[in-house]
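Q: I would like to learn how to read the features of a model like this one. Could we go through them one at a time?

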Amino acid sequence: MAAKANPVPSVWTRQQSTPDQPALSRASIVREAIAMLDADGIEALSMRKLGARLNAGATSLYRHVATKDELMELAVDEVAAEFTVPPPGGDWRAAATEAAVSFRSTALAHPWVSAVLGQAGLAYLGPNLMAYSERLASLFTAAGFPEPSRAIDTVLAYVIGMSTTEAAWLTTVTRSGMSEAEFITGMMPAARQAAADHEHLAEAYAGVAAQPAFDPVAIRDDKFFYGLDVVLDGLEMRLPR
């Protein structure tokens, strides 16, 4: 009798095949895929190019990873191992901030990951993402939130949204070959012209242009922590008094 087809397409619901090429492993495939994603983005990754980088044919890759979608699930979960969450029991706000900062740092080191988190199939079933979710659940449960999963979703929605936008911006800067400060300085004349008929935007751009020197990293950090504090302020109001 033919084997029953897997009704749920995901690497985490499929039994791994026995490799025919001992030197090639799922782990080595995923590591090389992440290196390609970090360097050139999602558009540049294909099973054919990955096979060439590993000196292996696409057929050999498919014995370990059935589709590119499965490969993305594995890559997301591998990167998730870099997320850190402090143990529960201490200052929950400080711990939540540390977890948010860790996520943001990882997302900026791997600019593609935030954008694909919601698209990478059943990536949340991966062992690293499951462990990460469990640590967050322990933290917010210990903090006393009556609905910890909703508090976690709120924080992650903010951090993922900010990280996705920030990573896209930094990718654009990197492709320009300029530093972030040089890129901003270069785009300022066009930005001021575009904002000329918009009172508040024109004032904001004029303020940036008037600064003799500015630190783009500090500006991005300030934006991130301002929003995170607002989110945590709101969540704190949900804690039982």
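A: Start with a single residue and its surroundings. Ile42 is found in the loop between α1 and α2 (47-53). Keep in mind throughout that this is a predicted model.

Q: Which residues is Ile42 in contact with, leaving aside its neighbours within four places in sequence?
A: Ile42 is in contact with Leu37, Lys68, Trp112 and Val116 once those neighbours are set aside.

Q: Where is Thr97, and what does Thr97 touch beyond residues up to four places away in sequence?
A: Thr97 belongs to helix α5. Not counting residues up to four places away, Thr97 touches Phe225, Leu228 and Leu232. The C-alpha atoms of Thr97 and Asp229 are separated by 8.5 Å, although the two residues are 132 residues apart along the chain.

Q: What share of the contacts in the protein chain with a separation of 6 or more comes from residues 24 or more positions apart?
A: Such residues account for 72% of the contacts with a separation of 6 or more.

Q: How many helices and strands does the protein chain have?
A: The secondary structure comes to 11 helices and zero strands. Read from the N terminus on, the order of elements is α-α-α-α-α-α-α-α-α-α-α. As for burial, 36% of the 241 residues of the protein chain count as buried.

Q: How should I read an aromatic pair, and how many does the structure hold?
A: Two quantities describe a pair of aromatic rings: the distance of the centres and the angle of the planes. The structure holds eight aromatic pairs. In one of them, Trp169 and Phe183, the ring centres are 5.4 Å apart and the planes stand at 80°, so the pair is edge-to-face. The cut-off behind that reading is an angle over 60 degrees.

Q: Which parts of the chain does the pair of Trp169 and Phe183 tie together?
A: Trp169 lies in helix α8 and Phe183 in helix α9, so the pair ties together parts that are 14 residues apart in sequence. The two residues can also be read by accessibility. Trp169 is partly exposed, at a relative accessible area of 26%, whereas Phe183 counts as buried at 16%.

Q: Which other features involve aromatic rings?
A: Phe83, Phe103 and Tyr132 form one aromatic cluster. A ring can also have a charge over it: the charged end of Arg104 sits over the ring of Phe224, 4.7 Å from the ring centre.

Q: What is the volume of the largest pocket, and which residues are the closest to its centre?
A: A pocket differs from a cavity in being open. The largest pocket has a volume of about 520 Å³. Of its 16 lining residues, Trp169, Ile184, Ile219, Arg220 and Lys223 are the closest to the centre. Two or more residues come from each of α8, α9 (180-194), α10 (199-210) and α11 (216-236). The lining divides into 11 nonpolar, one polar and four charged residues.

Q: Which element gives the largest share of the lining of the second largest pocket?
A: The second largest pocket has a volume of about 430 Å³. Of the 19 residues that line this pocket, Gly41, Pro111, Trp112, Thr171 and Arg175 are the closest to its centre. The elements giving two or more residues are α1 (26-40) and α8, and α8 provides the largest share, eight residues. By class, this lining has 10 nonpolar, five polar and four charged residues. Trp112, one of the residues closest to the centre of this pocket, is also in contact with Ile42.

Conventions
Residues numbered from 1 in each chain as written. Predicted model: local features only at pLDDT ≥ 70, side-chain atom pairs only at ≥ 80, totals over all residues. Heavy atoms only, no water. 1 Å grid on protein atoms, 1.4 Å probe; cavity = no way out; pocket = protein on both sides within 12 Å on 5 of 7 lines; lining within 4 Å. Points joined across faces, edges and corners; volume = space filled by probe spheres on them. Nonpolar A, V, L, I, M, F, W, Y, C, P; charged D, E, K, R; others polar. Contact = heavy atoms within 4.5 Å. Phe/Tyr/Trp six-rings, centres within 6.5 Å; stacked < 30°, edge-to-face > 60°. Buried < 20%, exposed > 50% of the residue type's maximum accessible area, 1.4 Å probe, protein only. Lys NZ or Arg CZ within 6 Å of the ring centre and 35° of its normal.
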